[in-house]
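Thanks for making the time this morning.

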Amino acid sequence: MNRRFAALAALAVVCAAVELVAGRGMSPSTVWDLLGGGGDTTEQHIFWQLRLPRLLVAMGAGASLAVAGLILQSALRNPLAGPEVTGVTPGAVLGAVTATALGLAGWDSPLAVVVAACAGGCVGALLLWLLAGRAGGDPAQTAVYGVLVSAVLGGFTAMVLLVEPGELGSVVQWLVGTTEGRVWEHWHLLWPWALAWGAAAWLLAGPLTLLRCGDDIAQAAGLAARPARTLAMLCAVALTAGAVAAVGALGFVGLLVPHLAMALFGADLRVGLPGAALLGAVVVCGADAAAQLSSRLLPRVLDADQLTLPVGALTACLGAALLLVVVRRAPGRTF
Amino acid sequence: MTDSMGIHVQGVHFGYPARPVLRGVDLTVRPGELTALIGLNGCGKSTLLRLAAGLLRPDRGRVLLGGDDLAALSRRATAVRVALLHQAAPAVPGMTVRHLVRQGRYAARGPLGMLREGDDPVVYRALRDVGVEQWADRDVDALSGGERQRVRLAMALAQDTRVLLLDEPTTYLDLHHQLDVLQTVVRLREERGLTVVMVLHDLAHAARFAERIVALREGLVVADGTPKEVVTPGLLADVLKVAGRVGADPEGGWPVCYPDHPLPALENENQFH
């Protein structure tokens, strides 16, 4: 288990290194110089004020989404649960977009964006609970309701964007998820939030593990299942909201990383939750590096001037492919 | 302390709208007793067991466990006193035997205690009790039905309670594993003086292993006594709705049933299904 953590940490360092050199116009040797304190002022600014915070925000958001997904899958006993398909992410996006459109939040008040995203995420989770809560928790049915809730919330978001197109440019990136232009301000907001809720989630590892066994068994073993599930959902919503406020609705990270984490670390959530966090950081960081590299290469191939591939587009494509594997591999499985 | 093992069900009513399940059940289970609950599907056996485990609250009446009213105890405090093995066993992907059995310690350790690493002698004992220690690191879902049932019994034993409630512990098992599970329960009860109440569908098992049989029909206790007192052709007809004869085991002397054919269904059966 420790060896797996070490390997993953090494992978994280590699991804981080690739991400740092992947951007336009800076060779690896320049980056090396910068790390040693060299380089001119422009290069220093790009590296220390743009690239480094972007890397950290990508990792923090990936970790938050992965942990949120693992919490949701465990608390709902549903392999198809993830913040994207339970209405949590679309709700958070709607909250952030609405608050921005109403002028309650914006680039100058990032905390308000987080709070609005949190409120929206809660609304999404609540809607799903109202629809699917009494259905008895059949995974496929819950997933269908989740898609329904997500579609409705997405529609509302589109409406807000059409009514209030002024903020369109900055808001559209929330829909896809991008780490473009993320600076220290975002990181300073993200890390305490993610750390606090991540720690809270870890403290719930025991109850969450029991919830994975099913409510009947959990209750017989002494767990008050309902309040435990509510607390866990709160952590998941808060972590998702933090990530959405920072980078937007990164597709499929919260749905698929938990499956990888389960395969790597097993069902012991004391290990699984930190494992998922590390894995989520690696995946988003790697995807962001890949997105930046292809942003450099694609214009040459397509003969275009400039092209910026948002990382969310990449994780969504990658995630959809992986989801197909999960669904094909285990039909009718509860996890 | 001895009374901490006894169960007192006093005038318990329980039901859902338009569907009464228990209609005034009184039952006292003495400490250390091995009791079997029998009756048709829907007669309220499992409900009674869940009430005794504190998983359901009676509409009227009360359930005392060693003098404590279960209604006044938290879920965790109840699970320290009484363990219930459910009939259904949902899949637990990725969980090893040891990990699942360890979950039985939740009531004793609490949410934060479960975070601590550390050997729990009770878990080892529970694994040994049912003889699954050699599979401790295998995935639960990869085991056969009989092996999985033993693991789930170990999880209930890991709660280290004085009272053990078993809801049809032998369902879906072949005869070999049925006897295996029941004999484990009988042995542990003798070794530890556990109070055991189990719902059994198989009257042969009830007559053979239980000291006391309690029969339920339409939410009421209709027979209560030793197997010899209770297992009669009259009981087969009244409670289980079958015509049959009753003999005695040539070696052990316990009653043996020879069911012949089902009797007409209950007049108001729809009310209970």
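Let me begin in chain B, with Glu168(B), which sits in the loop that runs between β7 (163-167) and α7 of that chain. Please keep in mind throughout that this is a predicted model. The backbone of Glu168(B) has a phi near 45 degrees, which is a positive value in a residue other than glycine. Is Glu168(B) buried or exposed? There are 20 C-beta neighbours inside 10 Å, and the cut-off for burial is 20 or more, so Glu168(B) counts as buried.

Glu218(B) has a positive phi of about 50 degrees, although it is not a glycine. With 20 C-beta neighbours inside 10 Å, Glu218(B) also counts as buried.

Staying with chain B for a moment, I turn to a helix pair, α6 (residues 145-157) and α7 (residues 175-192), whose axes come within 10 Å and cross at roughly 15 degrees. Angles under 35 degrees count as roughly parallel, and α6(B) and α7(B) are therefore roughly parallel to each other. Their crossing is right-handed. On the α6(B) side the contact is made by Gly146(B), Gln149(B), Arg150(B) and Leu153(B), and on the α7(B) side by His177(B), Asp180(B), Val181(B) and Thr184(B). By class, the residues of that contact divide into 2 nonpolar, 4 polar and 2 charged.

Now to chain A, where the UniProt record, in an unreviewed entry, places the feature "transmembrane region" at residues 55-73, 85-105, 111-131, 143-163, 190-211, 231-256 and 307-327. How does the model treat two of these spans, and what share of each is helix? Residues 143-163 of chain A are 100% helix and 0% strand, with their end C-alpha atoms 30 Å apart. For residues 231-256 of chain A, the end C-alpha atoms lie 22 Å apart, and the span is 81% helix and 0% strand.

The contact draws on residues of α3(A), including Gly62(A), Leu65(A), Ala66(A) and Gly69(A), and on residues of α12(A), among them Val253(A), Gly254(A), Pro258(A) and Ala261(A). The residues of this contact divide into 9 nonpolar, 4 polar and no charged.

In the other pair, helix α5 (residues 110-132) and helix α8 (residues 184-203) of chain A pack at an angle of about 45 degrees, with their axes 10 Å apart. These helices are therefore oblique to each other, and α5(A) passes α8(A) in a right-handed crossing. From α5(A) the contact uses Pro110(A), Leu111(A) and Val114(A), while α8(A) provides Glu185(A), His186(A), Leu189(A) and Trp193(A). That contact comprises 5 nonpolar residues, 1 polar and 1 charged.

Helix α8 of chain A also holds Ala201(A), which is buried, with 28 other C-beta atoms within 10 Å. Not counting residues up to four places away in sequence, Ala201(A) touches Val67(A), Ile71(A), Cys235(A) and Leu273(A). Ala201(A) and Arg270(A) are 69 residues apart in sequence, yet 9.8 Å apart in space, C-alpha to C-alpha.

That leaves the place where the chains meet. How many residues of chain A are in contact with chain B? There are 26 of them, in contact with 26 residues of chain B. Both α9 (205-212) and α10 (215-220) of chain A supply at least two residues each to this side, and the largest share, 6 residues, comes from α9(A). By class, the side of chain A that touches chain B has 14 nonpolar, 7 polar and 5 charged residues.

I will finish with one residue, Ala220(A), whose place is in helix α10 of chain A. Ala220(A) is buried, with 31 other C-beta atoms within 10 Å. Leaving aside its neighbours within four places in sequence, Ala220(A) is in contact with Ala53(B), Leu55(B), Ala79(B), Ala83(B), Leu84(B) and His86(B).

Definitions and conventions:
Residues are numbered from 1 along each chain as its sequence is written. Chains are lettered from A and ligands numbered from 1 in the order in which they are written. This is a predicted model: local features need pLDDT of at least 70, side-chain atom pairs count only at pLDDT 80 or more; totals for chains, interfaces and linings use all residues. Two residues are in contact if their C-beta atoms, placed from the backbone, lie within 7 Å. Helices (H or I, at least four residues) and strands (E, at least two) are DSSP runs, numbered from the N terminus. Ala, Val, Leu, Ile, Met, Phe, Trp, Tyr, Cys and Pro count as nonpolar, Asp, Glu, Lys and Arg as charged, and the others, Gly among them, as polar. Axes are lines fitted to C-alpha atoms, for helices over the stretch in contact, and angles run from 0 to 180 degrees between N-to-C directions. Angles under 35 degrees count as roughly parallel, over 145 as roughly antiparallel, 65 to 115 as roughly perpendicular and the rest as oblique. A crossing is left-handed if the near helix is turned anticlockwise from the far one by less than a right angle, and right-handed if clockwise. UniProt positions are given in the numbering used here, feature names are shortened, and annotations may be inferred rather than shown by experiment. A residue is buried if 20 or more other C-beta atoms lie within 10 Å of its own, exposed if 12 or fewer, and partly exposed in between; C-beta atoms are placed from the backbone.
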